[in-house]
Amino acid sequence: MKKKAVVLAAAMLLGFSTYSFGWDVGCTPGYWKQTQHFDSWIGYTPDQTFQSAFGCGGSTTLLEGLNANGGGLYALERQAVAALLNSKAVSHYSYTTQQVIDKFCGALNNGDIIETVKNRFETHNDGECPLN
């Protein structure tokens, strides 16, 4: 695992996309909800609401979304918050911040795609987490 991390770090320093190695980079919802990792949150805070961060959603906070149990909308919230935070903090993350926002709000407006969007976020969030 260390060798993979060293190669990944070198590739990122040289400006290569991690896709050329077949690796995704991103941190899981479990990473982001831990208080010792709150210093990695860039541009957002744990007590910020979905409405404030995404422009859609409601008064649930980002941390509440990360801690939500269950499938469906709850699973989407977990993965969307992780994707949002990854888009700001992780170099070469698969989505821009605006793409994450658009995909999340689109899924809220069309319940038929909640699972698809959740699965896409989850695939990229479960990559190699390059943060502390």
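This report describes the fold, the nonpolar core and the disulfides of a predicted protein model.

## Overall fold

The protein contains seven helices and zero strands. Read from the N terminus, its elements follow the order α-α-α-α-α-α-α.

Of the 132 residues in the protein, 44% are buried. The accessible surface comes to about 6800 Å², and carbon and sulfur atoms account for 52% of it. Among contacts between residues at least 6 apart in sequence, 60% join residues at least 24 apart.

## The nonpolar core

The largest nonpolar core has 31 residues. Those that touch the most other members are Trp 32, Tyr 44, Phe 54, Leu 62, Phe 104 and Phe 121. At least two core residues come from each of the helices α2 (29–32), α3 (50–54), α4 (62–67), α5 (73–89), α6 (97–109) and α7 (114–125). Helix α5 gives the most, with eight residues.

Leaving aside residues up to four places away in sequence, Phe 121 touches Leu 76, Gln 79, Ala 80, Ala 83, Tyr 93, Tyr 95, Val 100, Lys 103 and Phe 104.

## The disulfides

A disulfide is a covalent bond between the sulfur atoms of two cysteines. The count for this model comes to two disulfides. With the bonded cysteines numbered in sequence order, the pairing is 1-4, 2-3.

## Cys 27 and Cys 129

The sulfur atoms of Cys 27 and Cys 129 are 1.9 Å apart, and the two residues form a disulfide. The torsion about their S-S bond is about 80 degrees, so this disulfide is right-handed. Cys 27 is in the loop between α1 (2–13) and α2, whereas Cys 129 is in the segment after α7; the pair therefore ties together parts that are 102 residues apart in sequence.

The two partners can also be described by their accessibility. Cys 27 counts as buried because its relative accessibility is 0%. Cys 129 counts as partly exposed, with a relative accessibility of 28%.

## Cys 56 and Cys 105

Cys 56 and Cys 105 form a disulfide with their sulfur atoms 2.0 Å apart. Here the torsion about the S-S bond is about -90 degrees, so the disulfide is left-handed. Because Cys 56 lies in the loop between α3 and α4 and Cys 105 lies in helix α6, the pair ties together parts that are 49 residues apart in sequence. Both Cys 56 and Cys 105 are buried.

Terms used: Residues are numbered from 1 along each chain as its sequence is written. This is a predicted model: local features need pLDDT of at least 70, side-chain atom pairs count only at pLDDT 80 or more; totals for chains, interfaces and linings use all residues. Side-chain values use heavy atoms; hydrogens and water are left out. A nonpolar core is a set of buried Ala, Val, Leu, Ile, Met, Phe, Trp, Tyr and Cys residues joined through side-chain atoms within 4.5 Å. Buried means under 20% relative accessible area, exposed over 50%, partly exposed in between (1.4 Å probe, protein chains only). Helices (H or I, at least four residues) and strands (E, at least two) are DSSP runs, numbered from the N terminus. Contact means heavy atoms within 4.5 Å. A disulfide is a pair of cysteine sulfur atoms within 2.5 Å. Accessible areas come from the Shrake-Rupley method with a 1.4 Å probe; for residues, only the protein chains shown count as cover.
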